[in-house]
Each structure stands twice: as C-alpha cells, then as structure tokens.
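Me: I have a model open and want to learn how to read it. Can we go feature by feature?

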Amino acid sequence: MAEPLRVGLAGLGTVGAGVIRLVEANAALIARRAGRPIVVTTVSARDRRKKRSVDLAPYTWDDDMVILGERPDVDVVVELVGGADGPALACARATIEAGKAFVTANKAMIAHHGLELAGKAEAAKVALKFEAAVAGGIPVIKGLREGAAANAIERVYGILNGTCNYILSTMEDTGRDFADVLREAQAKGYAEADPAFDIEGTDAAHKLSILAAIAFGSRIDFPGVDTTGITRLKAADIAQADALGYVIRLIGMAEAGDGQLFQRVQPHLVPFDHPLAHVDGATNAVVAEGNFSGRLLFQGAGAGEGPTASAVVADLIDIARGEIGAPFSVPVAELEAMEPAATGHRQGRAYLRFMVADRPGVLAEITAAMRDAGVSIESLIQKGRAGDAGAVMVAMVTHEGPESAVAEAVRLLEGSDSLTEPPLVLQILGE
Ligand SMILES: NC(=O)c1ccc[n+]([C@@H]2O[C@H](COP(=O)([O-])OP(=O)(O)OC[C@H]3O[C@@H](n4cnc5c(N)ncnc54)[C@H](OP(=O)(O)O)[C@@H]3O)[C@@H](O)[C@H]2O)c1
C-alpha cells in the first residue's frame, strides 16, 4: 500500500480526541477507501500534562502548534483549537506557507479569513478543507460542492446552531423560559459557559457566510449577515406560535440574485408541515434549492465528538486521495463580489409581539400604527398578564407584505410609553 498520510493534530479537546479515536477505530476501512493509511504522528495542545480521554503515548508531542506544518513527519495539519485569530490563524498561514495541506473545523476563522487562506492555498497548490466548520457531521459542503455542483443554487437556509435548537425545542416541550433552559443546557454541556456566540446568532452567521460562498460562488461576507439571536424569545412566544401552527427555529437564510447577496440569521416561525419544523434538539439541517435538483435537505448532528470528527476525517481521506480543488469550489479570484441585498422590498408574513401596559387604548394605538404603515393584520391575539411587571402580551400575524411596511410600523411606535419593551418581529418561513 502507498505511503501513509501523516497528520499533525493541533487541539485535543472534544473534536481532537474524536479524530484520534476515529482514525484508530476505522483505520483499515479508511486505508482501503483512501488508498493509503491515515496516521496521526504528532499532536499539540495547550497543556501537555492534562489528563486526556485518549492515550497519547503513540504520538510525538510538539508544544508549538503553529509550526506543526514545518515538521518533516507531517503532511497535513488538522487544527481543532478554535478562535478566529490567534494560534489557529498563525498555524493555518504557516502550514500553507510550508506547502502542506490544512484541515479545520474552525468556522470563525474561515468566516473571517477564509478568502485569504484559500488564496494562499491555491497559490501553494495545497488543500484547504473545512467540512466540519459548517453543520458539524453533515457533509453539506461536499453535498453542495460535489453532489449539487451542476445546479444554480438560489437559496440555502437551515438550522445551523445546535445549542439554539436545543434551547428552542426544549422551551417548546417544557413551556419553560429561555434563561431557565439555557442554564440547564450549560449544565448538560449543550451550551458553553460563555454562550454568547451561540445564543446571539454569531456562530450560525459564521456558518451561513461560508455556506453562501460555497452555494453561490460569492465572496464570503460575514459582516453582511444581518444577525439576531434567540435571547428575546419568551415561553409565551413559543406557546403563541404553537397555537398558530408554528414552531420557532433560529434560521440562517441566504439568497443570491442580480449580483446581490441576502444573508440573515433570525428566529423564524416555521409551519408545522415544513421539514425544518421537525428538526429538534441539537440537530442541524440545511436546505438548498437547486434549479435542477429541486429542494435538497441535509440533516444530522451539527456538533459532538463523533459527528464532527467524521467530517474532519472525510477531508483527510480526500487529501489522501490527492484531491485538492479550490476550497470554495470556484477559485478565489473568480468568486463574485456581491452587494448586500436591500431587504425592504422583501415580501413575507411576519409575527409581531408587543409587551404593553395594561390600559385602555393601547391596542388601538398599535393597530393604528399598522394601518398607517400599510401592514395588513391576519390575526391578532391579546393575552392576559404575561408576568412582566403587569405587562400584557399582544401578538399578531401579518398578511403577506413588504418587510419595509412592518419596519415602518415598528418605527411609528418607537418611544411610545404604551410599550414596556421594543416589539419583537419574526419572519414566517414560507414554503
Ligand atoms: N465541539 C464540537 O462539537 C464542534 C463542532 C464543530 C466545530 N467545532 C470546532 O472545532 C474546534 C475545536 O472545538 P472543540 O469543541 O474540540 O474545542 P475544545 O474541546 O475546547 O478543545 C480545544 C483544544 O484546543 C487546545 N488549545 C486551546 N488554546 C490553545 C492554544 N493557545 N495553543 C494550543 N492549543 C490550544 C486545547 O488545549 P488543552 O486541551 O491543553 O486545554 C484543547 O485541546 C473549534 O474551532 C470549534 O468551533 C467544534
């Protein structure tokens, strides 16, 4: 059999340990499929003395992850450390400059520096792969780059953050409030001690920006993602959505057309009969609409040791087979620089929720703002006290109309002392 592909592994946490276990457990089948063995030779992490769940005795330890790619016993570096900058980025640059292949699960780094790294990798004619960076174990990058490569893709959207999905589906199942479920998710290890990246939508936005670039052949535009997290959702919103025939999911949505790129991460109301309504717990799902393939649905574990390691090792198998390819399918110089799309003209239905003072005339004030902004109301529900200092909840669903009209209605109500907090506006996912 041919010479092994020798891996330098930076990061021995959840995913790094998973890669070691997978490469060992499936060594024979991986060697058959890749045409040669894949072996980890050298490992690196922050603390050499730390007790690990895997035996590191067979591997050389190198304190400096940045220069793993310069070692003669390493053909490819796998970075499983994280962070958009810092040692991960230094390691990526140094590895590619050393003429070695680089594999990562680091969505933050790819969202911020993916174009630079891809340009360098193309110039050096080495592979740069990041399947595990988007939707963990789901082979969605491969699915779009290879399986759906013949299609023009106009829209790609999905559930890209398992932590948020776990929180939302648990709120749905238990009727508990956001803060309470978040605490439990942290205790169970589904949410980080600092959950901000997840619950504020940033992690989903990183993944969406990468997915959009692959789907549309456009330059990554992470700052162009209009991002709202799940922190403002109340148990009452989930219950109200349920009564109306919806679940609430954090959806990342990207569309391309006329040289414009629309990217948004926002909680959406998802109709019960939509495939994404049935994606529960820490699962991820991505829908891509190809002009010949039709709707493609990719679903599976978006995180976790085994699934994420599976995606990382799939990249290593490609590299062992000699597959390089442009990291974003299209060479960086040919990726289209799209303008961020104006959103006001977008049509859709929306859910609006107001927390209002419990006094006469408030409902009339809200409906007047809707009328003046040209928003047509499909249904309106006023609930009793929602527990927030005597505030009452008013929820409504609009008919199909421009998003700009809803934004105008909200603007008209700005500063009103009838509202105890700013209105919450969620889009309703169409067919
Ligand atoms: N966990 C998942 O399910 C998942 C899913 C998809 C993508 N990812 C991505 O995969 C990457 C790794 O995630 P993870 O969950 O495995 O992280 P993790 O469990 O926190 O492990 C991080 C590893 O990086 C090492 N490290 C941290 N700072 C370092 C430094 N300055 N120099 C050298 N090593 C350093 C740590 O060393 P010590 O062990 O010595 O402290 C640890 O081994 C991240 O980019 C993450 O976004 C993770």
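Me: Which residues of H3 are buried?
Reply: Before that, two ground rules. This is a predicted model, where local features need pLDDT of at least 70, side-chain atom pairs count only at pLDDT 80 or more, and totals for chains, interfaces and linings use all residues. Residues are numbered from 1 along each chain as its sequence is written. A residue is buried if 20 or more other C-beta atoms lie within 10 Å of its own, exposed if 12 or fewer, and partly exposed in between, with C-beta atoms placed from the backbone. In H3, the buried ones are Ala 88, Leu 89, Cys 91, Ala 92, Ala 94, Thr 95 and Ile 96.

Me: Where do the buried residues of H12 fall, seen down its axis?
Reply: Start with the list: Ile 366, Ala 369 and Met 370 are buried in H12. They fall within an arc of 100°, so they line one face of the helix. The arc is that of the directions from the helix axis to the C-beta atoms. The face turned away from the buried side of H12 carries exposed Ala 364 and Asp 372. Just after H12, Gly 374 has a positive phi of about 80°.

Me: In what order do the strands of the open sheet of six strands run?
Reply: Strands of a sheet pair through backbone hydrogen bonds, either parallel or antiparallel. Two strands count as paired if DSSP finds at least two bridges between them. Here the order is S3-S2-S1-S4-S5-S6, with parallel pairing. Strands S3 (60-61) and S6 (128-129) stand at the edges with a single partner each, so one side of each has no neighbour in the sheet.

Me: How many bridges join S1 and S2?
Reply: Six, in the parallel sense. Gly 8 stands opposite Thr 42 in S2. S2 and S3 also run parallel, joined by two bridges. There, Thr 42 has Thr 60 in S3 as its bridge partner. Five of the seven residues of S2 (residues 38-44) are buried, so the rest of the structure largely encloses this strand.

Me: Which strands run antiparallel?
Reply: Strand S11 (residues 283-290) and strand S12 (residues 294-301) do, over eight bridges. A hairpin of three residues joins S11 to S12. Ala 285 stands opposite Gln 299 in S12.

Me: Is Val 126 buried or exposed?
Reply: Count its neighbours. Val 126 has 21 C-beta neighbours inside 10 Å, so it counts as buried. Val 126 lies in the loop between helix H4 (107-124) and S6.

Terms used. Helices (H or I, at least four residues) and strands (E, at least two) are DSSP runs, numbered from the N terminus.
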